[in-house]
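Let's take a walk through a protein structure together, one piece at a time. Keep the picture open beside you and look for each part as we come to it.

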Amino acid sequence: MIGYLTAILVVVLISALVALALNIQWGQAGMVNFGIFGFFAATSYVAALSALAGYPLLISLVLAILTGVVLSALVALVSARLREDYFAIATLAFAEAVRLFLLNETWLTGGANGLPGIPRPLSAYASGQSYELLFFVLALVLAAICFVFAQALTKSPFGRVLRALREDDLVAATLGKDVLSFRIWAFAAGGAILGVAGYLHSSYFGYIDPTQFGAFVTAYAFMAVIAGGRGSNTGLLFGAVSVMVLLEGTRFLKDLMPFLDAGQAASLRLILIGVGLILLLIYKPQGFFREHRLRVNKGDTK
Amino acid sequence: MTFNQMNRRTFLGTTAAGVAASALPLPALANTGPVKIGMISPLTGSGGSYGPNIVKAAQVVATQINDAGGILGGRMIEIIAEDSETNSTASVRAARKLLDVNQVSAIVGMWGSGPTLAVKPLAIEKGVSLSCLGAADAITEGDTQGLIWRFQATGREWGVPPAKAMLAAGHKKVGILAVQTAFTQSMIAPFIETFEAGGGEVVVQAEVKPDQPSFRAEVDKVMGEDITAVFLPAYVTQFTSIVKEWYRGGYETELYTLTIAASAGVNGGGKFITAVGNEVGEGIHHLQPTNDSSSASYKEFESLMGVEAGTFLPFSALCADSLVVQIGAMEKAGTSDATVYTKEILAITNGPGAATAGAVNLLNAIRAGQDVNYTGYGMDVSFFPNGNLKGRPFGHFVIQNGIDVELDLV
């Protein structure tokens, strides 16, 4: 049981990191990134390839982060003039391009067969159950650093400008803010976090293939951010946990219903996940937490 | 605007409730309780049309064994089936649950190369045996510690026979329209190699994604070339849509595919033919490792599954075989510990010993201390020591009047 919970918590941390990136890009800066799975895939593959080439943890991690930052900044730069929906389409196109590249450049990525046998970091220090705990601690430390980074961004003047851009970029531009450069930096900041997520993903699973990076990654990230409350970093942690409780908890519910055949039980499980999300959107449309805003003390308003 | 804020007490309460709920399942009882067998099968997603019958095959065989008194001195077999969602990350979560929470002794019915490769290291680490239905070579490569068994021909074995069949039929210029999965991709290179070595030419090649809403562009691209036949490695869902486009386009090109995609069954009850109708299916060629549907053990399997005689059930017979082989090895070794009992697998499948078919027969023969050579439900099952199934000739079928007609063996 402990092993299972540790594994699920690691998966939650990875999906929380993806959601954290989305929260900076979309939650705060208003840049709808439907193609987040493409960036996640690219960073995962870079981390995997560098680990397979024998580079240690730190170098793989840094390479993955750099990939995330550079790709995100480039995509934000070339699609600078696109707004909301059109920007979302551009990111989706980018993700599709990444997917096709991964599928077809077999010499590098293994194509549809993927990359098996990715070395796991720190495996010299522990094995079996205790390695799972060690990896969990590694994931927790990296996620905590990302979280602190995201919180600092959110509370900084930079974060305030992002929220201003989200609400009305014309107003922000009128006030002398360089809209393009803020957008590129916001997107790149998200990309950096995706780099960490990609590193953890590839080294945790030890095997990656293109089917792991589908639109469902985007869907889970949006679900986590929406459930947690758009713009709130603390909230999305809760959101990511709720999504995983829905995904995994339903497996156990199914075990309690032996009268269903396997096909029906699997379909029922997916229906329950859907119903859970709908209920969430009906009863908590603004999410569990609210986004960070400056407090105004009572005395100050006079 | 008001925000609904969750306070700390509610947060902690909900989290605790969630954790408690996930801890509900019963603790495992080691050597006296049931022998737990896990399954990670594609019940939803692009492999979703195969999963339910794969799981059912294991369940009916387990029920048969349990009714005859179980194994290892009366222990019952319990099948715990998880949905792989045809996706490797979901499969890993499912495997964690089976290995850590349910503490299964073996995993069978692991379908798809990607999911199998993702679950493989977990099974090896836990010392649990994994029987898979995936074709990628990498599955049985590396140190598997004798735990990984592939109840399926490798991709290479799948690619060569269609090329030979097309050459034999006199096709010189052909195309390939393949679905992008590890399984189908692994057969393309051997197909091209064999076909070109035989003097033919692959003129055009195109790929489709498993979940594409329409295949029209790719079908037009391939069929529009100057070719006489197309090789279409796909699963039944995509093949059905591709064939509809082919028929609508009025193309004369002959279609060659895998039996798992295009089976009509000798009774016309196959999923493909019921979806497209006899007229559309007429003249489609398909191949697969021989599955002797007239054998007594296949007839027994059909009656266990409760289907009409002559129905083709893709992957199911092999999944049932994988369960029987694992159970047989447990009985022979006297333990459900996979690191011990998997050493008996070759002795059961490769002989020497009397050819034995059926789960109950096999268990009785083993209990009687006889040497056995297990012949599976659909075909003879023998292994290489690395866990790969030994190759068999491929049957070449063509659909005529809505039923499969066997042409020859390749």
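Keep in mind as you look that the model is predicted.

In chain B, 7 strands form an open sheet with mixed pairing, and their order is 7-6-8-9-10-13-14. Strand 7 (201-208) and strand 14 (403-409) of chain B stand at the edges and have a single partner strand each, so one side of each has no neighbour in the sheet. On average, neighbouring strands of this sheet are turned by 25° against each other, direction ignored.

Another helix also packs on the sheet: helix 5 of chain B, residues 155-168. Helix 5 touches strand 6 (173-179), strand 8 (229-232), strand 9 (254-258), strand 10 (285-289) and strand 13 of chain B, and its direction makes about 140° with that of strand 10.

Now follow the sheet to strand 14. Strand 13 (residues 394-400) and strand 14 of chain B run antiparallel and are joined by 6 bridges. Here you can find H396(B) standing opposite D408(B), which is in strand 14 of chain B.

Next, step back to see chain B as a whole. Chain B is divided into domain 1 (32-152 + 315-379) and domain 2 (155-293 + 392-409). The centres of these two domains, taken over C-alpha atoms, are separated by 30 Å. Where the domains meet, 12 residues of domain 1 are in contact with 16 residues of domain 2. The domain 1 side of this contact has 4 nonpolar, 7 polar and 1 charged residues.

What about the meeting of the two chains? Chain B brings 41 residues to the contact, and chain A brings 38. On the side of chain B that touches chain A, helix 3 of chain B supplies the largest share, with 8 residues. By class, that side has 18 nonpolar, 16 polar and 7 charged residues.

Finally, look inside. The largest nonpolar core has 227 residues, and those with the most contacts inside it include L17(A), A224(A) and I107(B). Helix 1 of chain A (residues 2-28) gives the most to this core, 17 residues. The core also draws at least three residues from each of domain 1 and domain 2 of chain B. Among the residues that L17(A) touches are A143(A), C146(A) and I193(A).

Technical notes
Residues numbered from 1 in each chain as written. Chains lettered and ligands numbered in written order. Predicted model: local features only at pLDDT ≥ 70, side-chain atom pairs only at ≥ 80, totals over all residues. Core = buried A, V, L, I, M, F, W, Y, C linked by C-beta atoms within 7 Å. Buried ≥ 20, exposed ≤ 12 C-beta atoms within 10 Å, placed from the backbone. Helix = DSSP H or I, 4+ residues; strand = E, 2+ residues; numbered from the N terminus. Domains from an automatic or database assignment. Contact = placed C-beta atoms within 7 Å. Nonpolar A, V, L, I, M, F, W, Y, C, P; charged D, E, K, R; others polar. Pairing = 2+ DSSP bridges. Axes fitted to C-alpha atoms, helices over the stretch in contact; angles between N-to-C directions. Lists of a residue's contacts leave out its neighbours within four places in sequence.
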